[in-house]
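I opened the model today to look up strands, domains and contacts. My notes follow in the order of looking.

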Amino acid sequence: MTLPAETERKLLERVTVLANDRVTEGVGLLVLESPRVARVVRPGQFVHLRISTGTDFVLRRPFSIHRVEEDRLHILYQVLGTGTRALAEKRRGEEMDLIGPLGHGWHIPDGVAHALLVAGGLGAAPMGMLAEELSAAGVAVTVAQGAPCADRLVGRGVFDATARRVETATDDGSEGQRGFVTALVESLLVSDRPDIVYVCGPEPMARIVTAQAAAASVPCQVSLERLMACGIGACLSCVVTTRDGQRRACVDGPVFDAESVVWDTSEIPPKH
Amino acid sequence: MDSSKGINVDMRVRIGALELRNPVMTASGTFASGKEYADFVDLSRLGAVVTKGVSMKPWAGNASPRIAETASGMLNSIGLQNPGVEAFCAKDLPWLATQDVPVIVNVSGHSLAEYVAVAERLDSESAVDALEVNISCPNVDEGGMAFGTDCTSAADVTRAVRAVTSKTLIVKLSPNVTDVTEIARAVEAEGADAVSLINTLLGMAIDTDTWKPKLARSVGGLSGPAIKPVAVRMVWQVASAVSIPVVGMGGIMNAEDAVEFMLAGATAVAVGTANFVDPGATMRVVDGLEQYCRLRGLDRVSAMTGAVSR
């Protein structure tokens with residue numbers, strides 16, 4: 001059996017928890033020592049984490065990589081279901097295994113000079129690494145971030161360090177503009193004239209941003225979340241309907257050309 | 001493996017005309033056509049690859065969500081999404097043919113005519129070693145499980161497919177029946193070379209926040225460790241009722257689970273949901289089975305088949 005180069009292979013890596021801290025209500029930041037994946041992961045890709053080796057719950061959980069720091073992966077996660085509740089209990093020194101890096105991440109087309117990153121809630125999770133890579137490539141970054149309230153605006157550190165401009169909106173007005181992030185996007189598309197939009201967040205919001213970008217004739221990429229079993233393209237649990245037919249979020253995504261997505265408004269958000 | 005530490009274990013088993021290098025297969029629908037697992041599994045070390053279900057025409061499958069995790073298992077309602085037999089033969093089969101592993105194609109249909117058409121199409125493919133006829137999928141509205149829950153229609157499908165294929169014919173049985181042994185006897189009588197069981201158990205889960213079913217299709221098939229005792233019981237019943245080999249599956253996560261199925265009467269076993277949990281699970285079952293035999297002083301793995309004491 002000939003194996004492809006490590007950079008193209010999916011790896012199964014034993015990892016160690018270096019930190020696992022509460023960031024805000026219901027959100028944790030997990031830091032894993034994962035040298036092999038950290039070396040090759042690209043912005044927008046994810047890892048499939050085996051949280052439990054018992055039989056209480058058996059499936060892995062997919063998490064996007066927020067940042068990479070040397071051989072460490074930073075994962076921002078929301079505590080929503082059985083798996084993430086168990087993840088929140090992990091302590092420094094505990095080991096798990098993960099599969100990664102998985103999926104197609106964000107694409108940075110040649111000639112991009114100004115990018116608008118739109119993050120709703122935990123949609124900030126897959127965008128930290130993207131902001132860093134864009135900024136390092138000399139691309140001007142504007143971030144539009146929305147959350148229910150000020151302390152739920154997660155990932156602020158990396159955005160403040162890399163973006164030329166960060167605009168925020170909160171439902172309760174505790175920081176930035178009161179209301180939805182989509183209102184910020186409407187005005188930033190005009191005032192900042194980005195030549196690409198990257199969006200991740202609740203699907204109703206991502207759908208509106210997709211339409212806003214299309215109306216402004218700006219290309220847009222979206223990172224989508226789906227319930228997933230295998231994470232490597234076999235089980236067909238995570239299908240996304242696109243203009244080109246059904247695609248698998250795990251291998252064809254999670255990042256898609258936003259205009260190609262056929263939105264399903266009945267989709268129930270996953271509870272990992 | 002260090003053979004000086006013990007006896008050499010003959011791992012070979014026979015299913016119809018097919019000799020497998022060991023009893024460990026993949027369960028249909030959990031392994032695609034194998035390529036997705038190539039980073040984790042040396043396919044040439046598997047007993048056989050059983051492919052995702054293939055129908056005559058492309059099937060889109062069901063709406064999402066298609067899975068829901070439940071205690072010690074999962075529900076799925078994928079709905080046999082597949083690109084159709086022609087695309088399978090053009091894209092998946094040539095790659096599988098290079099992998100030095102027996103290929104068993106899972107055959108699906110909405111109608112008796114569709115099962116026959118797929119089997120006929122595959123009969124000319126030399127890379128296909130055997131067919132597994134899926135009369136037990138709980139996730140399609142027409143065909144699928146409907147054929148596998150009635151003795152007459154199970155016999156009809158088996159007879160019709162038998163008439164058009166010279167390949168080893170395995171019929172995959174549903175657990176969603178009153179008496180699985182009746183169905184097993186009916187397909188044996190029509191020329192099935194083996195039966196495989198169990199397919200998933202029909203189940204349901206409801207979201208208590210939204211009051212909606214967790215699956216878009218409301219119901220789906222339960223798999224994983226939760227169903228293993230039901231599967232072992234059914235394998236045990238069927239193995240005593242028929243004289244053809246039984247391929248046992250349902251919640252096998254490790255070699256000890258596989259041993260349990262063999263003791264109950266299985267000649268071979270299939271690993272399903274475990275592939276999602278640990279993509280290299282099949283390799284660990286192969287190695288573990290051999291090690292188990294060595295520790296128990298068994299010189300052939302087939303000695304375990306049906307050896308449970310009463």
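I started with L202(B) and looked up its bridge partner, which is G221(B) in β14(B). Strands here are DSSP runs (E, at least two residues), helices are runs of H or I with at least four, and both are numbered from the N terminus. β11(B) covers residues 201-204, and β14(B) covers residues 219-223. The two run antiparallel and are joined by four bridges. Two strands count as paired if DSSP finds at least two bridges between them.

Next I checked the faces of β11(B). L201(B) and G203(B) lie on the covered face, L202(B) and M204(B) on the uncovered one. In a regular strand the side chains alternate between the two faces of the sheet.

A note on conventions. This is a predicted model, in which local features need pLDDT of at least 70 and side-chain atom pairs count only at pLDDT 80 or more, while totals for chains, interfaces and linings use all residues. Residues are numbered from 1 along each chain as its sequence is written, and chains are lettered from A and ligands numbered from 1 in the order in which they are written.

I then looked up confidence. Chain B has a mean pLDDT (the predictor's confidence in each residue, from 0 to 100) of 94, and 97% of its residues reach 70 or more. For the complex, the predictor gives an ipTM of 0.92 and a pTM of 0.93.

How many residues does each chain give to the contact? Chain A gives 26 and chain B gives 31. Contact means C-beta atoms, placed from the backbone, within 7 Å. The chain A side has 15 nonpolar, four polar and seven charged residues. Nonpolar is Ala, Val, Leu, Ile, Met, Phe, Trp, Tyr, Cys and Pro; charged is Asp, Glu, Lys and Arg; the others, Gly among them, are polar.

I moved to the domains of chain A: domain 1 (11-102) and domain 2 (114-260). Their bounds come from an automatic or database domain assignment. Their centres, taken over C-alpha atoms, are 21 Å apart. Domain 1 puts 19 residues into their contact and domain 2 puts in 22. Elements giving two or more residues on the domain 1 side include β1 (11-24) and β7 (95-102) of chain A. That side has eleven nonpolar, six polar and two charged residues.

Last, I traced a sheet in chain A. It is open, has seven strands with antiparallel pairing, and runs β4-β3-β7-β1-β2-β6-β5. β4(A) and β5(A) are the edge strands, each pairing on one side only. Four bridges join β3(A) to β4(A). L49(A) has R61(A) in β4(A) as its bridge partner.

Key: Two residues are in contact if their C-beta atoms, placed from the backbone, lie within 7 Å. A residue is buried if 20 or more other C-beta atoms lie within 10 Å of its own, exposed if 12 or fewer, and partly exposed in between; C-beta atoms are placed from the backbone.
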